[in-house]
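Subject: Structure handover

Hello,

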Amino acid sequence: MYSIFYPKKKTIFKLFLFSFFQLSVLLSQVSYSSSLISNFATSKNNFNYFENYYDLNLLYNNWNLWIEMEYSNPPALGYGRSGMRNMRLEYSGNKANLKIGDLYEFWGNGLVLNSLDDKSIDFNNGIKGIYLNIPYAFLEMDFLIGKQAINRSSNRIPGFNERIHNYRSDFNILGNRLKLNLDNIDISLHYLSAKQNDRTVDDSLSVFDHEIIGLNLNYFSNYFGFLFELVSKDNNGNGLFSDINIYLSDFLFTDFTTFGIGYKNYFFSNRSPSNRWDIVDDKSGYIPFQQMPTVFMAHNSILISRLTHVIDYNDEVGYNAYIKMNMLRNSTIMLSYSLLSRNSEWKMNENFEWFSESNGSSNITRLFLPTKDAFFNPAEEIYLEIDGYDNKDIFYYKLAFSKMNSVVDIFENQWLMNDKNNLYRSSFSYELKDAISVPLSLLIKLTERNSINIAFEYQKLKKGFKTLSSNTNNSQFFSNFTKDFQFNRYIGIGFSSSPKWSINLGIDYTDTEERIVLEKDRFSNKIEDLLSPIFDPSLTWINFESSYNLNQNYRLSISYGSKRGGVYCSNGICRYIQPFENGFNFEVIALF
Amino acid sequence: MFSIKFLFLSFAVTLSFSQNIDKNIILNPLMGKKIKLENYLSNGPVLINFWATWCAPCIKEMPYLDQFEKKYKDRGFSVLAVSVDNQKSLSQVRSFIKTKKFSFDIFLDPNMQIFKKLNGNLMPTNVLIDKSGKVVWRHYGYLPGDEMKMEEQILNVLNILP
């Protein structure tokens with residue numbers, strides 16, 4: 001044993017020992033923290049995945065190293081990967097801050113630059129490069145240079161898949177920001193240039209240059225708040241975002257009231273309904289690191305969040321007006337109204353070819369306010385919410401009402417000339433969505449540590465096609481469902497015992513499905529079979545979930561059952577997530 | 001003999017690692033100049049709470065954070081509520097906090113960079129840091145009653161006997 005460890009030459013041993021001490025001294029000044037998330041799922045409909053993400057942060061004086069490792073085979077969404085996902089070295093000093101590696105930056109309100117890694121929709125527009133920030137008195141200067149490879153999905157090219165992106169674009173990026181920080185006001189100027197390299201639908205190489213210049217202004221006081229951002233892209237597209245808040249203490253019968261209005265007017269590309277979402281052949285328009293405010297309510301209700309309005313960053317005008325009132329102790333009432341639409345109407349000629357006022361160029365008359373006209377793809381929502389604790393903190397409630405309607409897609413809008421040489425709309429066809437939702441959430445504390453959660457959500461949904469035929473001259477509605485309306489309900493019942501464990505049973509059921517979905521096979525699970533006398537297993541998704549905190553460093557979660565799929569949106573980007581049928585999901589989170 | 005030395009040194013090296021936090025972490029407030037975490041730590045312990053306007057458990061937890069900050073502020077304790085709202089809901093953060101009348105300081109982390117640095121994985125995530133910059137307690141999620149454990153930890157770090 002001794003002979004194995006003890007080197008024959010003492011000098012080598014001393015050198016080894018000295019190196020070891022050096023390393024010890026060095027490491028004694030290094031702090032670290034790391035975490036591991038492991039997620040395994042298997043289901044009857046082959047939505048199987050095994051994801052592992054390990055994050056390590058090392059800190060040495062003013063230096064910080066962040067490494068994210070990934071082993072996924074396959075991940076829930078995207079390409080499988082074994083190895084390093086992200087790495088960044090940072091230096092934070094009084095005179096400068098430097099970042100080298102994978103950069104995720106947010107300038108202003110995101111109209112020029114907003115890079116993020118959102119695993120829930122497999123969207124990563126992080127930049128591999130160098131970022132330098134120099135603060136000097138009330139000024140800040142930022143310099144950015146790097147490369148970016150973004151994967152997205154397009155059904156215009158082969159290999160379209162619900163889980164894996166099939167189109168890659170490479171960007172070379174250069175950016176600068178100059179920011180002035182005063183007491184209540186921030187002003188910044190942003191500049192970003194990007195060279196885009198990718199391929200067109202016929203597989204030929206495409207190179208496109210983008211240039212964005214932006215001005216951002218923020219002002220806040222105790223009574224008033226104001227956000228404003230204006231950007232110009234490639235000298236022909238532009239975007240504007242603004243948000244104004246007024247704060248009133250003891251207003252009428254309230255403790256505190258906020259009046260607010262958010263406004264946006266984005267116009268980066270004028271596209272016909274048939275190439276509205278084309279990223280392969282049309283490179284004009286916004287670029288993927290412009291992730292801008294949507295000016296539409298973000299919801300955490302299960303049923304409302306499924307009613308997604310896909311934001312058109314290229315061409316959309318809209319506002320969101322709201323009042324938030326603090327009534328009793330921690331009880332708040334919110335009333336919100338949102339309306340969005342496109343800036344122009346696209347029509348079809350006698351040959352069923354799309355045309356707009358400007359034939360696709362950006363020189364059109366833009367709307368100042370959105371319209372409810374169906375041919376402008378409007379989306380509208382009225383939302384009312386009340387939430388709060390009772391006086392003894394043993395009861396929390398949240399009740400909301402949402403009425404949302406939108407025109408999803410326009411397929412036909414033909415205008416012809418009549419005998420008197422006047423244009424008239426001869427036929428049209430578009431898909432609409434109209435819903436009323438009422439989510440209710442209750443929390444009741446039984447003892448200091450034990451509580452029950454109850455959730456009930458109700459939704460009446462109308463979805464289908466509205467058409468006008470020149471033959472009959474009558475508009476008709478064709479429902480996507482086997483009935484005129486779909487009634488969705490969600491029931492959640494949970495129990496928790498702080499700080500250790502919680503269980504939850506979620507029952508998501510409906511009375512009809514979309515015709516195309518009905519053809520798909522369902523795999524009912526044991527709980528669904530057990531409750532089949534009450535809930536039709538072919539239209540019900542039941543899931544049982546349990547979480548256990550071993551201690552502050554380890555958390556385990558296990559779930560069994562089914563989860564309904566659908567379009568899932570995050571950061572204004574939407575993606576279809578397939579259902580999870582009759583399976584297990586096991587998750588471990590560990591901190592080291 | 002060497003193996004004993006080796007084991008001892010390995011143990012010493014392992015012990016020398018600590019979960020200290022980067023005091024130079026730059027926080028981006030809702031308004032005004034960026035501020036370093038050490039500015040707060042120089043006054044006393046800090047509880048960093050990661051939250052979002054769309055996170056229902058975070059909203060249920062926040063009144064307690066407000067209570068704790070008001071209660072222990074005189075002893076140098078601060079709550080830093082770091083919102084991870086992205087551009088979709090970012091403009092709602094200030095109106096939410098103002099309407100709820102919370103008094104703790106609010107910061108923005110729309111790309112979850114500070115969240116990642118502090119090994120945040122779930123919402124809400126709470127990280128309690130003592131004056132020296134050492135992480136003394138972490139907690140993921142919020143179950144009703146967790147606020148009692150949180151207050152216990154705050155009292156410990158402030159050296160107050162319950």
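Let me start where the two chains meet: 27 residue pairs are in polar contact between chain A and chain B, both residues of each pair being at pLDDT 80 or more. A polar contact here is a pair of N or O atoms within 3.5 Å; within protein, one must be able to donate a hydrogen and the other to accept it, and residues adjacent in sequence count only if both atoms are side-chain atoms. On the side of chain A that touches chain B, helix H2 (residues 10-28) of chain A gives the most, with 8 residues. Helices (H or I, at least four residues) and strands (E, at least two) are DSSP runs, numbered from the N terminus. That side of chain A is made up of 40 nonpolar, 43 polar and 20 charged residues. For these classes, Ala, Val, Leu, Ile, Met, Phe, Trp, Tyr, Cys and Pro count as nonpolar, Asp, Glu, Lys and Arg as charged, and the others, Gly among them, as polar.

A word on the ground rules. This is a predicted model, in which local features need pLDDT of at least 70 and side-chain atom pairs count only at pLDDT 80 or more, while totals for chains, interfaces and linings use all residues. Residues are numbered from 1 along each chain as its sequence is written, chains are lettered from A and ligands numbered from 1 in the order in which they are written, and side-chain values use heavy atoms, with hydrogens and water left out.

Back to the interface. In total, 103 residues of chain A are in contact (heavy atoms within 4.5 Å) with 67 residues of chain B. The two chains bury about 7200 Å² between them, 55% of it on carbon and sulfur atoms; buried area is the accessible area (1.4 Å probe) that two parts lose on being put together, summed over both. There are also 6 salt bridges between chain A and chain B, each a side-chain nitrogen of Lys or Arg within 4 Å of a carboxyl oxygen of Asp or Glu. Glu147(B) and Lys445(A) form a salt bridge through their side chains, at 2.9 Å from N to O.

Over all chains, the search finds 36 salt bridges. One pair is Arg85(A) and Glu70(A), with their closest N and O atoms 2.8 Å apart. Arg85(A) lies in strand S4 (residues 81-92) and Glu70(A) in strand S3 (residues 63-72) of chain A, so this pair ties together parts that are 15 residues apart in sequence.

The backbone has some details to look up too. Most residues other than glycine have a negative phi, and most peptide bonds are trans. Ser498(A) and Pro499(A) are joined by a cis peptide bond, with omega about -5°, and Pro499(A) sits in the loop between strand S25 (486-497) and strand S26 (501-510) of chain A. In chain B, the bond from Met123(B) to Pro124(B) is cis, with omega near -5°; Pro124(B) is in the loop between helix H5 (113-117) and strand S6 (125-129). Asn421(A), a residue other than glycine, has a positive phi near 60°, and belongs to the loop between strand S21 (395-417) and strand S22 (423-445) of chain A.

Happy browsing, and do write back with any questions!
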